[in-house]
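Morning, everyone. I'd like to walk through strand pairing and charged side-chain contacts. Please bring up the model.

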Amino acid sequence: MKKRAFPILFGALLLLSLCSCGGTPEEPTEVQVSEEEQMQQLLDTIDQTMSETYDGCSVSYNSGVVEVNVWAERITDDAADAADGAKDPSWVSVKSDVEASVISTVNSIQSAGFSSRMISFHVLDDADHDRTLLTFDNGGVSYDIVAQTEKDRKEEELPPEETPEKTPEEPPAEETPSQ
């Protein structure tokens with residue numbers, strides 16, 4: 001019986017305190033957060049997540065585009081060592097891992113209500129941030145330095161197109177008036 005009395009007594013005291021201060025508990029007020037503040041919170045979260053995965057990153061938002069730049073020595077090394085070109089197993093693995101980061105970023109942005117924003121995700125050379133290794137736009141690969149290098153090599157290996165030797169043009173035959 002004593003065990004039941006304490007919760008009942010506590011409930012009664014709580015009810016009395018509510019009645020003495022107006023009778024109803026205050027409802028929490030909603031804090032209005034601007035779209036810019038929401039976007040900044042999202043960018044901070046993305047930055048923190050990418051910093052845990054890559055050696056470095058920068059995240060920005062300008063003119064409707066969320067731009068994520070990441071870099072890691074291991075990715076730069078894998079790009080340089082991709083002996084089999086775009087089909088090199090280590091490079092395929094790198095692209096798959098980065099794509100998982102891209103998909104996670106895209107999903108975060110969409111679930112936060114910013115689905116109309118464009119996402120541009122760049123993997124940069126860790127020693128030269130002006131050199132792009134991979135670019136994903138809205139989730140799809142739009143640039144791959146290994147595939148591009150492979151394509152460039154193949155084009156260099158092609159023999160130059162043979163041009164037929166030019167023969168001197170013969171002057172047009174003079175037409176004789178028909179009689």
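Start at Asp125. Its relative accessibility is 7%, so Asp125 counts as buried (under 20% relative accessible area; exposed is over 50%, partly exposed in between, with a 1.4 Å probe and protein chains only).

Ground rules, quickly. This is a predicted model: local features need pLDDT of at least 70, side-chain atom pairs count only at pLDDT 80 or more, and totals for chains, interfaces and linings use all residues. Residues are numbered from 1 along each chain as its sequence is written, and side-chain values use heavy atoms, with hydrogens and water left out.

Back to Asp125. What does its side chain meet in a salt bridge? The partner is Arg131, at 2.7 Å, N to O. The term salt bridge requires a side-chain nitrogen of Lys or Arg within 4 Å of a carboxyl oxygen of Asp or Glu. Arg131 is partly exposed, at 37% relative accessibility. In general terms, side chains of opposite charge can pair when their charged atoms come close.

How many salt bridges does the structure hold? The count is 3.

Next one: Glu35 and Arg117. Their side chains meet at 2.4 Å, N to O. Glu35 sits in helix α2 (residues 35-53), Arg117 in the loop between α4 (89-111) and β3, so this pair ties together parts that are 82 residues apart in sequence. Glu35 is partly exposed, at 43% relative accessible area. Arg117 is buried, at 16%.

Then Lys95 and Asp144. That salt bridge spans 3.0 Å, N to O. Lys95 lies in helix α4 and Asp144 in strand β5, so parts 49 residues apart in sequence are tied together. Lys95 is partly exposed, with 22% relative accessible area. Asp144 is buried, at 7% relative accessibility.

Now the strands. Pairing means that DSSP finds at least two bridges between two strands. Strand β3 (residues 118-124) runs antiparallel to strand β4 (residues 132-137), and 5 bridges join them. Look at Phe121: Phe136 in β4 stands opposite.

β4 also pairs with strand β5 (residues 140-144), in the antiparallel sense, over 4 bridges. There, Asp137 stands opposite Gly140.

Technical notes: Helix = DSSP H or I, 4+ residues; strand = E, 2+ residues; numbered from the N terminus.
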